[in-house]
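Here are some questions and answers on a multi-chain model. Look it over before reading on.

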Amino acid sequence: MMPNPLHYYRPDTITEARDLFEQLQRANQRPTYYGGGTEILTRSRLNDGDFDAVIDLKGIPELHVHEQDGSRLRFGSVLRLTELADRDLWPFLTATVDRIADHTTRGQITLGGNLFSTLPYKEALLPFLVSDSADLTVATPDGVKQRRLADVFDEELRLDPGDFLISVTVDGQEAKALAFKSFKMTRQDWIDYPLVTIGTARREDGSIRAAFSGWSSFPFTSSRVNKILSNTQKPPEERAREAVAAMPFHAVDDIHGSSEYRQFVTQYTLARMLKELEAQS
Amino acid sequence: MKSLTRPEQISFNVNGEPRDVVIYPGETLLYTLRGDALGLTGAKPGCENGDCGACTVLVNEIPVKSCMVLTPEVEDQAITTVEGLQNAPIQQAFLDHNAFQCGYCTSGFLMVGHALSQDVDNGSPERTVEWLRSNICRCTGYQEIYDAVSSVAHPNG
Amino acid sequence: MTIIGTSVPRKEAPNKVTGRARYTDDINVPGTLNAVIVPANKAHAKIVSMETEAAKNVPGVKAVITGQDVSVLCGDVTEDRPPLARDKVRYSGEPVALVVARDEMAAHRAASLVKVHWQDLPVVNTIRDALRDNAPLVHEKNGEYAVATPPVYPKKRSNIADEANVTKGDADQGMKNSDVKVHVRVSLPQIDHAAMEPRIAKAEILADGRVLLHASTQAPFEVQKLIAKYFKLNPGQVIVTAPLVGGAFGGKAAVQLEILAYLASKAVGGQMVRIVNAREGDMSTSPLGMGLEAEVTLGATRDGHLQAAQMRFYMDIGAYTDSAPRIARAIAAQCTGPYRIANVHTDVFCVYTNHTYTTAFRGFGHMPMTFAIERAMDELAHTLHMDPLDLREMNAIRPNDVTPTKARLTRSNLGDLPQCIEKMRPLIDWNGGKVQSVGAHRVRVQGVAAFWKTSSSPPNAVSGALVTMNSDGSVNLSTGAVEFGPGTKTTAAQILAEKLRIPLDRVYVHEDVNTQVDPEHWKTVASLSTYMVGRAVVDAANDLIGQLKSLAAAVLRCSPDDLDYGEEKIFVRDDPSISIKFSDLALGYKYKEGDSIGGQLMGRGRFIIRHLNLLDEETGHGRPGPAWTVGIQAVEVEYDEETHQYRILKAATVLDAGRVINPAVAAGQVMGGMNMGLGVASREGVHYDAQGQFLNQQFRSYKVMRMGEQPQQYLVEFVENPQLDSPFGARPIGEHAVLAIGAALANALSRAADVSLNTLPITPEQIWRERGARL
């Protein structure tokens, strides 16, 4: 029950925050951006953090945006997971984030915090990973920039040091057109890290995409797996089996479950998701 | 911009009263509440890791694990702790349903239950379970707690 | 009177729903220093050297203590545990140093700067590792340590810390006479008590030499004795206070942080020092519940009568013995479960490993033991094509039978298992354990298991009660039992109110325990408080009634024999109109003229367990406890044959409570016990990696039951056959609902999945593995 030796800053504007980061670095401090705090505080109390100053982004209005902005759905990076679920602007995102942690904690975790988590899961990424239109609005030294999610995602969202996420957007038409399923599978408990969380979407053309969290040490989607899943000539069980065999990474082996068991769970879960998705249309 | 780099005074509202407290910039709300200045020891440290919910309080009516909040984050906001419940129906419900044994997790469960009881229109058994999954009790069978909270969160079934 | 058998709220209930109930860390003295443990990050390694300079130089640090500063060895039975590791560490998480500082932040920072140079030793990571020929030794000095409370039989140059055996009849011959035999091996991991309040202790050494300790403990009087013994103090010098305790489950009967708090205070000139476990340390540094590997062979006739049992139990006690030898004897003494078996041979081994050390866990070894025997019983039922409940009823132990240690059973000291079983049938709507299909890939199955348990307490365990009167005739009740949830103080108050024929709200209980002012109570363990404290309270009530009558006799000018009492009055039996109020006697009687007699009335009560003895070294025979509580438990599960996931639909317990004193509280104890037992069986267990590192020391990785995972329906019934020497006939019931419910779950799921599920926890992955791990 001790105070952590942290400095605390709460800037009011994007520029203030971006400048502060560099200023602190120049002063040999190790700043980190701070959203809901659940991950930073758990790491800090175990001396497992490479930071000594937190920049709380919740004072910046642009990061709270939560709206249909023209044709796009825009989600501010400090929105709490419960806010996303309560507003339910994109049901696919709701279904996915609603299975992260527990309800009280979801009232504290922010979207940006989950997307930039140091844990392997980052489940909130899954709906964006299976969309074509996902964009990030990023604070950079040269001002606010748009980045295609696909361009900055390489096992994780890679922003330049000191840059931070303002909001994520996705095309409203695309989001609306996706039939989706999101399943989180755990070892035994409802509240637990996932063995695997799978977000699957069926596009208007009937093709299927899936993104996975928990299978490996980062979330991913695979064009090869998507191709297999989209082959409706074959029954769901067979596609699921082939998909698991075609995964681009080895399944993780940890205290939640063995590698083989993850494969087993992923396989039956995928089969069930395909059946439900295709029954919808 | 707000900045805290050394112990400093901040203000917030606790259980309906404006309070000014000197805090370290890196201290958690749980620490501040339980400290000598406020002495509100109803919120309990059970894991200090956001896992058990024994330290749950309300910030602007929303349940929050106070071990996972930095006190400067809640500057100028309204905090309700178990000590701030004044004959709330949830308290009587816990008594009526024997919804505790050792009592250590009770404050946290009460605060979640109280928040649910403030929004009966959206109440349902599923919602009650989902909110209460945030807390751990090691003594009871959970049924007692569920029954107590249900009686105020969705009293009509 | 109607106080006994009535659901009354706990005395402290209003405080618990208002945040006003105070636990150890809620009461702090300004200026208290903070001590932080430096835990070992190796499971087995020599301490080559330690660097503490950097830690000492942190501003605010008052002292850094290492094993070199402390020569005492601690232990409940075998004194094998240094409070701070010396020379080597034996588990990851073991305290190697203690930092005392002005504030916690400085203490933590300093603790992170203590540097240890290690020389790795081979890790004893499983029972199999430990028992191998030429296994690395966890304790080179095994067999040479001082023994605080015999018996214990360590085997030198081995990892066997103790062995307990029981022989009754001729097990080999019994097996030969059996038509069928079943053999079961079970494996259970270590588990954590996971009390919601982490362990904490505070110590202060006053200038007059008194030591004040405040701790979250089940055993304040044990803390007092041990601190006095280890540090050569007079017991009266050591004053231990135990406020409300936030859950215990056996884990707070061990004495650990109290010793460290004392050492810390001593190092800083006696100032008050607080030491509190973070959750991680509460799991990995403080003691756990034991792991177990066991083999059980049962022999029976073709019609199901048990003939013989042969068993071997290997307890993973971790790095130090603590109470393991007592638990081993408890397992040996009750090894058959509640069944009549004429020929028994059982060996129980306490095995040292490089795991976190262990102590009592709710049920004192009977939960893992029961799992082993009850899995074997179900295998036997399966082999014989018998109804598992019928098999248990047929073999249920009865009055005039003897236990494995040849203790004689009577109608009083043994509950009625057949009666419990008869009540269970309609309660769970017993269908014989048939697998019922309820849709695609889904089946529903019931499983049962029975339990028994006695206290396995020392033969000289004592308890006391002190009742003082207030001026209005109400009473204060002081006992030495700690309140950690089961309503111990309230039960004692009910007994007192009933005896004095006064309303419950006229009894004020002393909530905290203070060893200086409260009468001694052995330990608040073994579900014995109602029996032991209750007997002392009855004694105190009788003493007080005697005093009231004697004083009233003088005032009313009659013999005390003429007097009776009720409605807070003493009255003449044959003419109740001649009476005097308790309030006029409480602080002495004042005559009209003003002169007075009597003084404050106070009842003293005491109790000591009788007729128990230590088990005989050769035969293992003896009487381990005053009485055996019995019961039957059942679950109904729905199991998915494709995913191997399951839901617990019903969990049921029928136990012989002797007499239920507080029905709502008793039912709560039983439901909570079932929930814990089902959690242990379905998800709990410590994970160690190949280096013996404790991997899941947080609630996000050590999973316990949460809301929504409990059984959809709890069914609780009691039968009441009185234990004649217990207040109102009440039998111990506090621990018992954890004992067999996990076995019942395993029995149901084994039938549902058509495999033997003998390894805990039973996760869907575990079932999938047992079924062949096919994709």
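Helices (H or I, at least four residues) and strands (E, at least two) are DSSP runs, numbered from the N terminus. This is a predicted model: local features need pLDDT of at least 70, side-chain atom pairs count only at pLDDT 80 or more, and totals for chains, interfaces and linings use all residues. Residues are numbered from 1 along each chain as its sequence is written, while chains are lettered from A and ligands numbered from 1 in the order in which they are written.

Q: Which helix of chain C holds C:Ser112?
A: C:Ser112 falls within residues 104-113 of chain C. That stretch is helix 3 of chain C.

Q: Why does C:Ser112 count as partly exposed?
A: A residue is buried if 20 or more other C-beta atoms, placed from the backbone, lie within 10 Å of its own, exposed if 12 or fewer, and partly exposed in between. C:Ser112 is partly exposed because its C-beta neighbours inside 10 Å number 15.

Q: How far apart in space are C:Ser112 and C:Val654?
A: In sequence, 542 residues separate C:Ser112 and C:Val654. In space, C-alpha to C-alpha, the separation is 51 Å.

Q: Which helix of chain B gives the largest share of the side that touches chain C?
A: The contact (C-beta atoms, placed from the backbone, within 7 Å) takes 39 residues from chain B and 41 residues from chain C. Helix 2, helix 3, helix 4 and helix 5 of chain B each supply at least two residues of the chain B side. The largest share, 4 residues, comes from helix 5 of chain B.

Q: What distance separates the centres of domain 1 and domain 2 of chain B?
A: Domain 1 of chain B covers 8-51 + 66-81, and domain 2 covers 85-153. These bounds come from an automatic or database domain assignment. Taken over C-alpha atoms, the centres of the two domains are separated by 22 Å.

Q: What length does helix 12 of chain A reach, from first C-alpha to last?
A: Helix 12 of chain A spans residues 259-280, 22 residues in all.

Q: Which helix of chain C packs against the buried residues of helix 12 of chain A?
A: The buried residues of helix 12 of chain A include A:Tyr261, A:Phe264 and A:Leu270. Their packing partners in chain A include strand 11, helix 10 and helix 11. From chain C, the partner is helix 17 (764-770).

Methods:
Two residues are in contact if their C-beta atoms, placed from the backbone, lie within 7 Å. The expected span of a helix is 1.5 Å times one less than its number of residues.
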